[in-house]
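Please open the model in a viewer and keep the selection tool at hand.

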Amino acid sequence: AAGLLLVVWPGVMLVRHDSISRSAEGGLCPDAEAAVVWLRSNLTPDDAVIATTPCSAPLVYYALRHGLPLQHFDPPDWSTPREISAVIVVPTGRAGHVAPDEVLQELGLEDEFAGHRLEVVHEFDTVKLLRAMGAPTAP
């Protein structure tokens, strides 16, 4: 029993102390948890979440903790003609200032989202969420 406690206790302490929000990785995007809570309440089943560092890893971490399906972090499905809707997570403030186009370019998605309208749907201190909506895609 004591051996099991030694193995499990560090993991429990990691979760209890929420060290990811204070770490160099997670601490650079401190509003990641609040963003995931918002996303969980506002995403449609087909919405993609598009993010890069410093926010992508903390977003996935908090998605797991809050039950947001990780399928939202998969690249959008361009194989069938339909309107693609995605939420682009843009670091701001202490997390840095990154333009939405830079996020799309880093992930190689700039052509797929060319001509899409971007609308700010929510802002936190260190994260801005923009909905990208556009015309149906061609296969």
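Begin by selecting I88 and displaying its surroundings: leaving out residues up to four places away in sequence, I88 touches I50, V103, L104, L118, K128, L129, L130 and A132. The model is a predicted one. I88 lies in strand 2, and its relative accessible area of 0% makes the residue buried, because that class covers values under 20%.

Nonpolar side chains tend to be buried together in soluble globular proteins. The largest nonpolar core has 19 residues, of which L39, L59, V89, V127 and L129 touch the most other members. Colour helix 2 (32-42), helix 3 (56-66), strand 2 (83-91) and strand 4 (127-136), each of which contributes at least two residues to this core. Helix 2 provides the largest share, namely five residues.

Select L59 next. Apart from neighbours within four places in sequence, L59 is in contact with A32, A35, V36, A51, F73 and V89. A separate, second core comprises 13 residues, among them A48, V90, L104 and A132.

Where is the aromatic pair of this structure to be found? The structure holds one such pair. Select Y61 and Y62: the two rings are arranged edge-to-face, at 4.8 Å centre to centre and with 80 degrees between the planes. Y62 is buried, since its relative accessible area of 2% falls under 20%.

Definitions and conventions:
Residues numbered from 1 in each chain as written. Predicted model: local features only at pLDDT ≥ 70, side-chain atom pairs only at ≥ 80, totals over all residues. Heavy atoms only, no water. Phe/Tyr/Trp six-rings, centres within 6.5 Å; stacked < 30°, edge-to-face > 60°. Buried < 20%, exposed > 50% of the residue type's maximum accessible area, 1.4 Å probe, protein only. Core = buried A, V, L, I, M, F, W, Y, C linked by side-chain atoms within 4.5 Å. Helix = DSSP H or I, 4+ residues; strand = E, 2+ residues; numbered from the N terminus. Contact = heavy atoms within 4.5 Å.
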